[in-house]
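Dear colleague,

Please find below the structure that I am handing over to you. A summary of the findings follows it.

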Amino acid sequence: MTTASPNASSAAASAADFSQLPLTPATLENLKQLGYLSMTPIQAACLPQALLGKDLIAQAKTGSGKTAAFALTLLANLNPRRFAVQTLVLCPTRELADQVTTEIRRLARAEDNIKVVTLCGGVPLRGQLATLEHGAHIVVGTPGRIMDHLERQSLQLDALNTLVLDEADRMLDMGFFDDIVKVARQCPKERQTLLFSATYPEGIAKLSAQFMRDPVTIKVEAQHSGGQIEQRWYEVKDAERLHAVSQLLLHFRPASTLAFCNTKAQCRDLVAVLQAQGFSALALFGELEQRERDQVLVRFANKSCSVLVATDVAARGLDIASLAAVINVDVTPDAEVHVHRIGRTGRAGESGLALNLVSLNEMGYVGKIEQMQGRESDWHPLSELTVASQEPLVPPMATLHIQGGRKEKIRPGDVLGALTADLGYTREQVGKINVNDWSTYVAVDRHIAEQVASRLNAGRIKGKSVKVRVLTD
Ligand code: ADP
Ligand code: MG
C-alpha cells in the first residue's frame, strides 16, 4: 500500500489544473462552464492515480469535492455506445444518492446520452424495474435496494468496470458491511474500486481488504484555516441554554445557521423554542420520513429557513455551500467532530462564525478541543449579547411546493418560464428550483409567496394545471 501526499502534488500551482489530466476537450470545457476552474486538493490527489485505473481509498472532509473525483473517473471508464451498466455507486441514503446522481449528470453533460439511474429503498420497486428495462450506463443506489435488484436479477453487473463506495464510513455506521461485501462479490473481478470516506474508522480497512486490489491510500487533512472562522465561547447554565441560542441569533443575525445538538430530544426542544419565538427553524434528525427530510433540506438550502437544527449523524454528508454561522448548542465530547462541525462555515474564502454554548460539566471537552486546535478559547459573557434590532430574523425566501416533477416532465426552466414569462415576475424574485421525481420546490421572495401560489394554482405549467402550496412550519 502506498500513500500519496496531496501536498506534494499541489505544490506547483499548475498541478491543480484540470487540463493536466487525460480528459477529453469536451469534458474540460464542461468543467469550465460549471465553474470548476481548478481541482480541489482531494481531486488533485486522487484523479491522476484514479485515471490510471488504480484502486483508491480516499479520505477528506465533507464538502471537499469527492464526488467529482470519482465521477470524472467513472465517466472516463465509460463507453457510452455500450448500453449496459458499467458503473455502480453505493451511497448510504437516498438523499446522498440523489446528490451524487445530480453531480454525475452535470459532469456527464459533455457526452451525449449517458443514462444515470438511482435505485434506493422507500420507493416502489415497480417503477425501478421499468426504468431498468430501458437500460442504464450508471447506477447509483443504497446497498439494501441494490441487493434486492441483484437477487431478482433485474440488475446485471457483468459489464461493470467501476465500483464506487461513497461515504463508506457512514454505510458502515448503518450496518451495511455484509451487503457491501455481497454486492462487491457480484461485480466482475477485473474492475476499478474507489472508496471515499470523511473519516477512517477501523472497519474501512477490513472492508477494503475483502475486495480491493492494492489500493492507493489518499488522505487530505481537514484544514484548520483558523483565521477564517471566528470562534466564540459562552458559559451557560443548562436551564438557559436554549434561550441563549435565540439571543445569539438576534445579536449576530446570521442569514443561515446550522445548530448542532448532541441528542434528538435536544433538537426537538430547541426547534419548539425557536419556532415559538417566531424564528424560521426546522429540525433534521434520524427518524424523519424521507419526504420530510427532503423538504427540510430544500428549504434550508434555498434560503426559506434560517436555522437548521441537527444532530451530527443527521448532518453528515449535507452539502450546503455557504453557512453564515454554526452554533454548538451542546459541546461535542469528540474534538474531531467539533472541527468538522465548525468547518461548515467560513468556506471558500468567506468568513465564518462558530458560536459555542458550554455548561460547567462540558468544560473538559473544551480542553480537548483547545488541544486539538492548538489555540485557546475566546470566552465572552452572555450578558454582552444585545438585541441588534427589534425586527424578527426572517429568511428572504419562502418555498412553494408544486405537485408534479420529473416524472411529469417538468423541468426547472418550465417553472421559471411560468413565473417570469407567463406571470411577469422578475428573475430576482425567484430563487432555487428543485425538481424531484414527483414534486417540485421553488423558492420565491417571501413577500409574494402567497400571491404566486394562488396565481400558479389558477394558471398552468407546460400547459397543465398544477396544485401549489406554500410550505409553512
Ligand atoms: P464531498 O463529497 O467531499 O462532501 P462534494 O463532492 O459534494 O463534496 O462537493 C462539494 C461542492 O463543491 C459541490 O457543490 C461541488 O459542486 C463543488 N465542487 C466540487 N469540485 C469543485 C471544483 N473543482 N471547483 C469548484 N467547485 C467544486
Ligand atoms: Mg460526498
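A polar contact is here a pair of N or O atoms within 3.5 Å. The model is a predicted one, and the contacts below are computed from it.

By that definition, an oxygen atom of ligand 1 makes a polar contact with a backbone atom of Gly-65, at 3.1 Å, because the cut-off is 3.5 Å.

The shell around ligand 1 holds 16 residues, and Tyr-36, Ser-38, Gln-43, Gly-63 and Thr-67 are the closest. By class, nine residues of this shell are polar, five are charged and two are nonpolar. At least two shell residues come from each of helix H4 (66–76) and helix H5 (94–108).

As to the protein as a whole, 18 helices and 21 strands are present. Its radius of gyration is 23 Å, close to the 23 Å that the globule rule gives for 473 residues, so the protein is as compact as a globular protein of that length. The C-alpha trace spans about 65 × 60 × 45 Å along its principal axes. Of the 473 residues, 51% count as buried. The protein exposes about 21,700 Å², of which carbon and sulfur atoms supply 50%.

Yours sincerely

Key. Residues numbered from 1 in each chain as written. Chains lettered and ligands numbered in written order. Predicted model: local features only at pLDDT ≥ 70, side-chain atom pairs only at ≥ 80, totals over all residues. Heavy atoms only, no water. Near = heavy atom within 4 Å. Polar contact = N/O pair within 3.5 Å; in protein donor to acceptor, adjacent residues only side chain to side chain. Helix = DSSP H or I, 4+ residues; strand = E, 2+ residues; numbered from the N terminus. Nonpolar A, V, L, I, M, F, W, Y, C, P; charged D, E, K, R; others polar. Rg over C-alpha atoms; globule rule 2.2 N^0.38 Å. Buried < 20%, exposed > 50% of the residue type's maximum accessible area, 1.4 Å probe, protein only. Areas by Shrake-Rupley, 256 points an atom, 1.4 Å probe, with all protein chains shown as cover.
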